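Student: Can you walk me through this one? I'd like the core and then the strands.

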Amino acid sequence: MNVTQGNIFWNEALGIIKKYPYLSRDKKCDVLVIGGGIGGALTAFMQAKHGVNVIIVDKNIIGYGATLTTDGTLETRVDFNPKITKNIDQKSIAKCNNLCTQALNDIQEIIDEISKDEECKKYIDSIGFKNTDLLYFSNHITNKIGMYKNFERLGKENKDIEYMEEDPLINLRTGIIFPGKAAILNPYVLTQLVFLYLSKMENVEIYENTEITSISSKEEIVESITNNRFKIYSKSTILTNGIHMLEYLEQDSITLNKTFTVVTERIKDLDDNIINVVAKDINFPNTTIAFTKDKRIVLCGEDVRQNDRMVNDKYFINYANGKYKKMYLTLRKLINLPSDIKITNCFYGMYLDSKDSLPIIDELNNMPNVYCNLGTGKNGVIFTMIGARMLKEVSKQYHTKDMYLFRENREKTRNSK
C-alpha cells in the first residue's frame with residue numbers, strides 16, 4: 001500500500017459548484033443556522049421548507065469541514081452500540097431505532113426533491129446514494145451464542161431480519177442482517193446540492209467565510225456577531241458547527257476523537273447483490289465496511305481519542321500511516337478480495353462523541369432560543385437529520401416530545417434517579 005494520507009475521496013467527484021458571499025452588513029431573520037456542513041444543510045432545509053426566513057453561515061467553505069471526512073454511511077439501528085445499550089432502556093432504544101428509520105426516509109425524500117431542480121439534476125448521480133442492508137457480524141466463534149440470542153429477541157418485532165453463519169464476501173462466523181436498514185452516500189456532494197437548491201429560495205440566505213464570534217441570547221431575540229463585527233438578529237439560532245459548539249456545551253460530557261478511512265479502487269467483478277450492505281464488526285463497533293455505488297470499498301475505524309501528541313504534525317503523520325497500514329490488513333482479513341486490490345484514498349476525520357453516543361438536540365442552558373443539533377458518534381448524518389426534523393418549528397417555540405432522549409444533561413438526570 002503506497003498512498004499518501006490526506007487524499008480525501010468525497011470531493012473528487014464534484015468540486016465547489018457554487019461560491020457564496022461573506023456577510024457584509026447587519027441582518028435579521030427568523031432562524032440563524034450556524035455551520036455549513038451536512039448538519040447545517042439538513043437543518044436549514046427543514047427550516048426553509050416550513051417557510052421561515054433562514055440565514056446560514058459557515059466560517060469556511062460550505063461542506064469543507066468534518067463533512068468532507070466522514071465515511072458516508074447511515075444506519076438505522078442502535079441495538080449493537082454498547083455505549084447506547086448500556087445507558088438507555090429497551091423502550092428508548094426502540095424509539096431511537098424508529099427515529100433513525102424516519103431520518104433515513106427524510107434524507108431520501110430530500111434527495112428526491114432536489115433532484116427535480118434542473119441544475120441539481122446535473123450532479124445528482126454524484127451523491128451516489130444507495131439504500132443497503134445493515135449487517136452486524138463477528139468472525140469470533142465465541143460470539144455465536146450471544147448473536148443468536150439477540151436474533152431471537154430482535155426477531156420477535158423484526159420478522160424480516162436474518163441470522164447467518166457465512167457470507168460470500170465477508171469473513172464471519174455469525175451475524176444478523178437487517179434488510180434495507182442502512183445506506184451509503186457522498187455527504188459532501190449532498191451538502192453542496194442541498195445548499196445549491198436552498199440558494200434559489202427567497203427565504204434563504206447563505207454566507208461563507210463568516211465566523212460567528214459571540215452569541216448573546218434573550219427571551220425575544222438572539223444577537224450573533226461575526227468576525228467582521230456585523231450582527232445577525234434572529235428569533236432562534238441553531239448550532240450545527242460540530243467541534244466549534246464545545247464552548248457552549250458542558251465539555252466533560254463530550255470527547256473529541258479521530259477516525260481513519262481507506263477507500264479502494266473500483267472492483268468491477270463484485271456482484272451487486274453481495275455488496276448491498278453496510279457491515280459492522282460487533283467486536284470493534286467503530287469499524288464500518290461499506291460499498292459505494294461504483295463498487296469501491298470504504299473501511300472506516302481505528303478510532304482514537306484526541307490527545308496533545310497528535311497536535312505534533314511529524315508524530316501524527318507517522319501515527320496515521322501506521323493506522324492506514326493496519327486498516328489495509330484488516331480489509332484483507334475481513335473481506336475475500338483479489339490479491340492485487342489497491343487503496344486509492346487514505347484520510348482521517350474528527351468527530352465529537354457523548355458518553356452514550358447519542359446526539360445532543362436541545363435548547364442550551366442559560367441561552368434561550370439557542371439550540372444545539374450535534375450529531376455525535378459515527379452515525380452523525382442520521383442523528384443530525386433527527387435533529388433537523390425535531391427543530392423544524394423552533395421559530396414558533398414548538399418542541400417535539402421526543403427531544404427528551406437527546407437533551408444535553410440527560411446523564412445527570414439518569415444518575416439522579
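Predicted model: local features only at pLDDT ≥ 70, side-chain atom pairs only at ≥ 80, totals over all residues.

Student: Which residues touch the most other members of the largest nonpolar core?

Tutor: Ile114, Ile127 and Ile386 do, in a core of 81 residues. A nonpolar core is a set of buried Ala, Val, Leu, Ile, Met, Phe, Trp, Tyr and Cys residues joined through side-chain atoms within 4.5 Å. Buried means under 20% relative accessible area (1.4 Å probe, protein chains only).

Student: Which helix gives the most to this core?

Tutor: Helix 3, residues 90–114, with 10 residues. Helices are DSSP runs of H or I, at least four residues; strands are runs of E, at least two, and both are numbered from the N terminus.

Student: New topic. What does strand 2 pair with?

Tutor: Strand 1 (residues 27–34) pairs with strand 2 in the parallel sense over 4 bridges. Strand 7 (residues 204–207) also pairs with strand 2 in the parallel sense, over 4 bridges. Pairing takes at least two DSSP bridges between the strands.

Student: Which residue stands opposite Ile56 in strand 7?

Tutor: Ile206. In strand 2, Val57 is the bridge partner of Ile34.

Student: Are the faces of strand 2 covered or open?

Tutor: Both are covered. Val54 and Ile56 are buried on one side, Ile55 and Val57 on the other. In a regular strand the side chains alternate between the two faces of the sheet.

Note on methods: Residues numbered from 1 in each chain as written. Heavy atoms only, no water. Buried < 20%, exposed > 50% of the residue type's maximum accessible area, 1.4 Å probe, protein only.
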